Amino acid sequence: MLLVLLMGMTTTVAQSKTMKKARNVYYIVCGSYTSLNAAIKQSEQMSEVVFYPVYKTKANGKTVYRLCCACYYSREDAQKDLDGIFSGFKGDDWWIWQSKGLATCVYRPQSPADGEQRIPALKPQSKAMTE
């Protein structure tokens, strides 16, 4: 019995040593709101042209909801697309948010394809779309 317990502990310790740290993800934020309802309202108003999900996070100890249009594994790639492909859309409140790992998606607008499915949560791009 003791041997089984010790073997289980050894496996747990070995697994914890091999676990990877969360990789940084860089989101292009096109709006930040103090309430989920305000973020959803903005997402819905934009949804005739673009479809942006809403992510929940903490900033200065408070919960905020961020409307995001893309995400990347590299800050440089995010900046390149913010200055490039998104430059025609962006306003003064567009910026890059660094998240430890994938952020929590709390709202996805309906897909224009059939009006019943929701768009998927953003997946980090491995390179910029702007060339």
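This report covers the fold, the sheet, the cores and the cysteines of one predicted model.

Residues are numbered from 1 along each chain as its sequence is written, and side-chain values use heavy atoms, with hydrogens and water left out. In this predicted model, local features need pLDDT of at least 70, side-chain atom pairs count only at pLDDT 80 or more, and totals for chains, interfaces and linings use all residues.

**Fold**

The protein has three helices and five strands. Both are DSSP runs, numbered from the N terminus: helices are H or I with at least four residues, strands are E with at least two. From the N terminus on, the order is α-β-α-β-β-α-β-β. Of the 131 residues, 36% count as buried. Buried means under 20% relative accessible area, exposed over 50%, and partly exposed in between, with a 1.4 Å probe and protein chains only. The accessible surface comes to about 8800 Å². Carbon and sulfur atoms hold 54% of that surface. Areas come from the Shrake-Rupley method with a 1.4 Å probe; for residues, only the protein chains shown count as cover.

**Sheet and helices**

The five strands form an open, antiparallel sheet in the order β4-β1-β3-β2-β5. Strands pair if DSSP finds at least two bridges between them. The edge strands are β4 (95-100) and β5 (104-107), each pairing on one side only. From one strand to the next, the twist averages 55°. Axes are lines fitted to C-alpha atoms, for helices over the stretch in contact, and angles run from 0 to 180 degrees between N-to-C directions.

Helix α2 (residues 36-46) packs on the sheet and touches β1 (24-33), β2, β3 and β5. Its direction makes about 30° with that of β3. Helix α3 (residues 75-83) lies across β1, β3 and β4. It runs at about 155° to β4. Contact here means heavy atoms within 4.5 Å.

Strand β3 (residues 62-72) is joined to β2 (residues 54-59) by six bridges. With β1, β3 pairs over seven bridges, again antiparallel. Some bridge partners in β3 are listed here.

| Residue | Bridge partner in β3 |
|---|---|
| Ser32 | Arg66 |
| Thr57 | Val64 |
| Lys58 | Thr63 |

The hairpin of β2 and β3 has two residues between the strands, and Asn60 takes a positive phi near 55° there. Nine of the eleven residues of β3 are buried, so this strand is largely enclosed by the rest of the structure.

**Cores**

A nonpolar core is a set of buried Ala, Val, Leu, Ile, Met, Phe, Trp, Tyr and Cys residues joined through side-chain atoms within 4.5 Å. The largest has 20 residues. Ile28, Tyr52, Leu67, Phe86 and Trp94 touch the most other members. β1, α2, β3 and α3 each supply at least two residues of this core. Its largest share, five residues, comes from β3. Apart from it lies another core, of nine residues, among them Val25, Tyr27, Val29 and Cys71.

Leaving aside neighbours within four places in sequence, Phe86 is in contact with several residues, including Ile28, Cys69, Trp94 and Met129.

**Cysteines**

A disulfide is a pair of cysteine sulfur atoms within 2.5 Å. By this rule, the count is zero. Cys30 is in no disulfide; the nearest cysteine sulfur, that of Cys69, is 4.9 Å away. Cys69 is likewise in none, with the sulfur of Cys30 nearest at 4.9 Å. Cys30 is buried at a relative accessible area of 5%. Cys69 also counts as buried, at 11%.
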